[in-house]
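Okay, thanks for coming, everyone. Let me put it up on the screen.

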Amino acid sequence: MRIAVAGAGIIGLATAVELDRRGHEVVVFDPAPASGASLAAAGMLAAVTEIAWAQDALHPLMADSAARYPDFVARLEADAGRAVGHRVTETLSVAVDAADRETLAQLAALQGPSAGRVTGSRARELEPALAPAVSAAVLVADDHQIDPRQVTAALLELLGERVRRERVAEVLRDAGRVSGVRLASGERVAADVVVAAAGLATSGIAGVPVLPLRPVWGDILRLRVPAALRPLLTRTIRALVHGRAVYLVPREDGTVVLGATVREGGVAGVQAGGVLALLRDAERILPGIDECEIVEMLARPRPGSPDAAPLLGVVEPGLVVSTGYDRHGVLLTPLAAEVGADLVEGIPVDPARAAAVDPFRFGPLPAFASAPDAASPTVPARDVAAPAPSALTADPPALTADPVPPALTADPPAVEAAPLLLTLQEGR
Ligand SMILES: Cc1cc2nc3c(=O)[nH]c(=O)nc-3n(C[C@H](O)[C@H](O)[C@H](O)COP(=O)(O)OP(=O)(O)OC[C@H]3O[C@@H](n4cnc5c(N)ncnc54)[C@H](O)[C@@H]3O)c2cc1C
């Protein structure tokens, strides 16, 4: 089959590579590949320590994808001939005050037997740079990490010229069926199936239903540890500091990723207060952070969904959406790639998995927008056939012809607009 993928973030790229392996003719379009949330991500594969209350449908997806990671990495590294920064090190969650200790204990109970409680002094034996203020901890052996930038670089290399630096403006239809995409340049590209995987911007593509996505901003820093202090850390540290969450992810190259804020408003760039809070809280648990050099500050919006689980499914014949990965997109990549490719091929998906990611699980999806910069007539919403039964839902609601709020149809500004990457020193 000929498949057009809109979006070269970690999700679109991994899905495209999986489809390529299955013998399909794949082209990926993105004006700025791997520049969205995937560029910012810390790469924690936190299937246990990210377990939180009221997200029950998400947890099996996280565990499922984590189990696929070793094979995903082995295959990617073999095919691309390069390492992708997969570190099979532990995660240590620590607490500072009494309320943090209580929250940590409650979370550990929810996270199950693989979250083992240890004392503050045991935590400092494991990580001697931790501050005396650390008074309780939970050790998780199975929450590892990967470098998302190395993953996207390897995926981009594998796809080569099949990644085109062009924006998809519209999903085209012919006789009521998806027939390809129109690019911002006006070029039309025929495809049997379109995979809309443009992260937060997915609904900004004309012809894609308006999905319940919202930006969940994250500020994140990259620090270089001075040679005299290395290794500052040997495993990922997550902390609760007076109720605020912070994490530190040590990379093999001597840098540490410090993240991340979670905010639904504020500036579309690095927020001063966010950086201040991250540094202050990190310093409370790891005083040596004072000596590190800030090499990068970055902010990106996560493609947030109402329940933090993805929106992955066939929304009409020939159109698969794969977005809404929120704060778990790197962890969920192996699952997203395989399920996404299965959907393209019409292979039935496990019903429980399908229900958890069904794009229609919140109700009918408002009809898609018409192309704001249409170089050719667009298909009015009322002319679009209702979707055929999706592989992901027994009884999908029809697309409605409700007017689409303009704010939801415009291209989101953040991902492609102002340069949000502030690199303070080159040469890393
Ligand atoms: C600060 C931060 C830290 C994070 N840490 C983690 C972590 O530790 N572990 C984890 O699992 N997840 C983490 N995440 C979440 C993770 O980064 C996202 O879930 C994931 O990157 C989403 O990938 P994506 O491919 O769907 O979207 P994106 O990476 O945003 O990619 C979307 C792509 O679509 C392109 N695009 C936009 N419009 C169009 C168009 N019209 N046509 C073609 N292309 C288009 C964009 O240029 C972009 O390249 C973090 C996120 C943030 C912000």
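Ala 260 is in the loop that runs between β16, residues 255–259, and α7, residues 272–285. The peptide bond joining Gly 259 to Ala 260 is cis, with omega at about -25°. Keep in mind that this is a predicted model, and that goes for everything I show you.

There's another cis bond to look at, between Arg 230 and Pro 231, and here omega is about -10°. You'll find Pro 231 in the loop between β13 and β14, the latter being residues 236–241.

Ala 308 isn't a glycine, yet its phi is positive, about 70°. Where does Ala 308 lie? In the loop between β17 and β18, with β18 covering 311–316.

Okay, let's zoom out to the whole chain. How many helices and strands are there? Eleven helices and 20 strands. The chain has 428 residues, and 51% of them are buried. If you take the contacts with a separation of 6 or more, 76% are between residues 24 or more positions apart.

Next, the ligand. There are 47 residues around the ligand, and the ones that come nearest are Gly 9, Gly 36, Gly 199, Gly 218 and Gly 329. By class, that shell has 26 nonpolar residues, 14 polar ones and seven charged ones. Several elements supply at least two shell residues each, among them α1 (10–21), β13 (214–224) and β17 (293–304).

Last stop, a sheet I'd like you to look at. In general, strands of a sheet pair through backbone hydrogen bonds, either parallel or antiparallel. Here we have three strands in an open sheet, ordered β9-β10-β11, and the pairing is antiparallel. At the edges are β9 (168–174) and β11 (188–190), each with a single partner strand, so each has one side left without a neighbour in the sheet. On average, neighbouring strands of this sheet are turned by 35° against each other, direction ignored.

Even as an edge strand, β9 is mostly covered, with five of its seven residues buried. Between β9 and β10, residues 177–183, there are six bridges. If you want to trace the pairing by eye, find Arg 173, which stands opposite Val 178 in β10, and then Asp 174, which stands opposite Arg 177. The hairpin of β9 and β10 has two residues between the strands, and Ala 175 there takes a positive phi near 50°.

That's my tour, and I'm happy to take questions.

Technical notes:
Residues are numbered from 1 along each chain as its sequence is written. This is a predicted model: local features need pLDDT of at least 70, side-chain atom pairs count only at pLDDT 80 or more; totals for chains, interfaces and linings use all residues. A residue is near a molecule or strand if its C-beta atom, placed from the backbone, lies within 6 Å of it. Helices (H or I, at least four residues) and strands (E, at least two) are DSSP runs, numbered from the N terminus. Ala, Val, Leu, Ile, Met, Phe, Trp, Tyr, Cys and Pro count as nonpolar, Asp, Glu, Lys and Arg as charged, and the others, Gly among them, as polar. A residue is buried if 20 or more other C-beta atoms lie within 10 Å of its own, exposed if 12 or fewer, and partly exposed in between; C-beta atoms are placed from the backbone. Two residues are in contact if their C-beta atoms, placed from the backbone, lie within 7 Å. Two strands pair if DSSP finds at least two bridges between them. Axes are lines fitted to C-alpha atoms, for helices over the stretch in contact, and angles run from 0 to 180 degrees between N-to-C directions.
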